[in-house]
Amino acid sequence: MNSDEVMPAGDDEPSWKQRAVERSTRAAKLRAEQRVQRFLDAAQTVITEKGTTDFTVQEVVDCSRQSLRSFYQHFDGKHELLLALFEDALRRTTVQIAAAAEGKPDPVEALRTAVQLLFELSRPDPAAHRPLFTDFAPQLLLSHPAEVRRAHAPLLDLLTTLVTGGVAAGKLRDDVDPRRAAALTMETVMFTAQTSGSARLSDNRGGSGGRAVDADEIWDFVAHGITVG
């Protein structure tokens with residue numbers, strides 16, 4: 001019998017070998033994810049304790065009880081670590097907003113819930129000590145705008161879905177591009193929330209002692225720009 005007829009092709013791997021490699025790969029991936037999470041948790045602890053993003057990589061490594069070599073296997077440096085924390089915080093915010101909006105059967109009510117919650121979550125909270133947003137995010141916006149866009153992508157996707165649902169239901173203007181409307185909404189809400197605590201809007205008499213914007217007012221502004229009628 002010709003050996004070519006019974007031997008497997010050179011590129012074919014025995015099934016047991018494929019399973020062994022897959023298990024090994026999964027285990028290695030899990031260990032890597034756990035090490036990364038320990039660095040993230042340690043960085044958050046250091047930031048909370050110091051009240052600033054002005055820390056060293058060595059401080060994070062010591063707090064994580066891992067090695068400097070392991071840190072640089074997963075991060076290029078401090079900037080990438082801070083970016084990971086920033087993205088993770090925005091992801092959690094998006095999940096929280098999605099959960100709140102999901103229970104609203106009316107698409108406009110779902111969007112209103114999302115806008116108002118985003119506003120509240122974006123407001124400065126002196127007691128919360130969030131230098132990741134007050135110190136790092138503004139610097140990141142100026143130095144790495146592409147990274148900021150990527151970090152906000154999940155939140156923008158959520159708002160786009162909500163706007164699209166409202167358009168499909170005939171509750172929002174059908175002449176708007178849902179993603180552009182979502183982007184304008186997101187940026188307006190977040191910027192206003194982050195500045196309304198210190199920079200109050202002037203009142204209608206031209207004075208400088210105006211009141212701060214609240215969640216109801218920001219929704220009223222957004223809604224009348226995109227709703228029907």
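Tutor: Let us begin with a pair in one helix: Asp88 and Arg91 are three residues apart in helix 5 (residues 78-102), so about one helical turn separates them. Helices are DSSP runs of H or I with at least four residues, numbered from the N terminus. This is a predicted model, in which local features need pLDDT of at least 70, side-chain atom pairs count only at pLDDT 80 or more, and totals for chains, interfaces and linings use all residues. Residues are numbered from 1 along each chain as its sequence is written, and side-chain values use heavy atoms, with hydrogens and water left out.

Student: What do the side chains of Asp88 and Arg91 form?

Tutor: Side chains of opposite charge can pair when their charged atoms come close. Asp88 and Arg91 meet in a salt bridge at 2.8 Å, N to O; the term requires a side-chain nitrogen of Lys or Arg within 4 Å of a carboxyl oxygen of Asp or Glu.

Student: Which residue forms a salt bridge with Asp106?

Tutor: The partner is Lys171, with the closest N and O atoms 2.6 Å apart. This pair links distant parts of the chain, 65 residues apart: Asp106 lies in the loop between helix 5 and helix 6, and Lys171 in the loop between helix 8 (145-168) and helix 9 (178-196).

Student: How many salt bridges does the structure hold?

Tutor: The structure holds eight.

Student: Is Lys171 buried, partly exposed or exposed?

Tutor: Buried means under 20% relative accessible area, exposed over 50%, and partly exposed in between (1.4 Å probe, protein chains only). Lys171, at 37%, is partly exposed.

Definitions and conventions: Helices (H or I, at least four residues) and strands (E, at least two) are DSSP runs, numbered from the N terminus.
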